[in-house]
Amino acid sequence: AIRRAFEIAKNKFPSQRTHGDDFIELREFKFFLLSLRQYFEYWVAFCRADTSGDHRISLSEFLSVRDKIELWVGEIGDMEAEFKAIDKDGSGTIAFDEFCDWAIMKNLDLEDDDDDIAQ
């Protein structure tokens, strides 16, 4: 989550320093914190779906948490097709990066987080 938030924040604005874009500047820091909070929410959702704790979501895990997932992103018609669409590398499991790409596209929002804190 931290790596993804850092990558997004450091590329938000072109650097005006001699150090280049490898560092977060003050004007990017708030965006970094907001991104970090969002990716932490994705991590919590990912962990809730990864019931085995192996840092991957299998099809059976994905199907078993259907109610939670639909609470976060809305109704999903064909869960197996959705799983295959998320599993970009075809490994048969969903990695965190794949999950994040999908969560962003679906505007995932946990039902029990405090969205007002981010404002």
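Phe-29 is found in helix α2, which spans residues 26-49; helices here are DSSP runs of H or I with at least four residues, numbered from the N terminus. The structure is a predicted model, in which local features need pLDDT of at least 70 and side-chain atom pairs count only at pLDDT 80 or more, whereas totals for chains, interfaces and linings use all residues. Residues are numbered from 1 along each chain as its sequence is written, and side-chain values use heavy atoms, with hydrogens and water left out.

Phe-29 counts as partly exposed because its relative accessible area is 41%, given that buried means under 20%, exposed over 50% and partly exposed in between (1.4 Å probe, protein chains only). Together with Leu-26 and Leu-33, Phe-29 forms a nonpolar patch on the surface, with about 330 Å² of accessible area in total. Such patches are made of residues with over 30% relative accessible area and no salt bridge, nonpolar side chains (Val, Leu, Ile, Met, Phe, Trp, Tyr) being joined within 5 Å and like charges within 9 Å. The areas come from the Shrake-Rupley method with a 1.4 Å probe, and for residues only the protein chains shown count as cover.

In soluble globular proteins, nonpolar side chains tend to be buried together.

Leu-108 touches Gln-38, Glu-41, Tyr-42, Ala-45, Trp-72, Val-73, Phe-99, Trp-102 and Ala-103, not counting residues up to four places away in sequence; a contact means heavy atoms within 4.5 Å. One of these partners, Glu-41, is found in helix α2 and is buried because its relative accessible area is 4%. The side chain of Glu-41 also reaches the backbone nitrogen of Leu-110 at 2.7 Å.

A search of the whole structure finds five salt bridges, each being a side-chain nitrogen of Lys or Arg within 4 Å of a carboxyl oxygen of Asp or Glu. In one of them, the side chains of Glu-41 and Arg-37 meet at 3.0 Å, N to O. Both residues lie in helix α2, four residues apart, about one turn of the helix. Arg-37, at 21% relative accessibility, counts as partly exposed. A salt bridge also links Glu-70 with Arg-66, the closest N and O atoms being 3.2 Å apart. Glu-70 and Arg-66 are separated by about one helical turn because they are four residues apart in helix α4. Arg-66 is partly exposed, at 28% relative accessibility. Arg-56 and Asp-54 meet through their side chains in a salt bridge of 3.2 Å, N to O. Arg-56 is partly exposed at 42%, as is Asp-54 at 33% relative accessibility.

Arg-4 lies in helix α1, residues 2-10, and is buried because its relative accessible area is 14%. Arg-4 touches Tyr-39, Phe-96, Asp-97, Cys-100, Asp-101 and Ile-104, residues up to four places away in sequence not being counted. Although Arg-4 and Ser-35 are 31 residues apart in sequence, their C-alpha atoms are 8.3 Å apart in space.

Definitions and conventions. Helices (H or I, at least four residues) and strands (E, at least two) are DSSP runs, numbered from the N terminus. A polar contact is a pair of N or O atoms within 3.5 Å; within protein, one must be able to donate a hydrogen and the other to accept it, and residues adjacent in sequence count only if both atoms are side-chain atoms.
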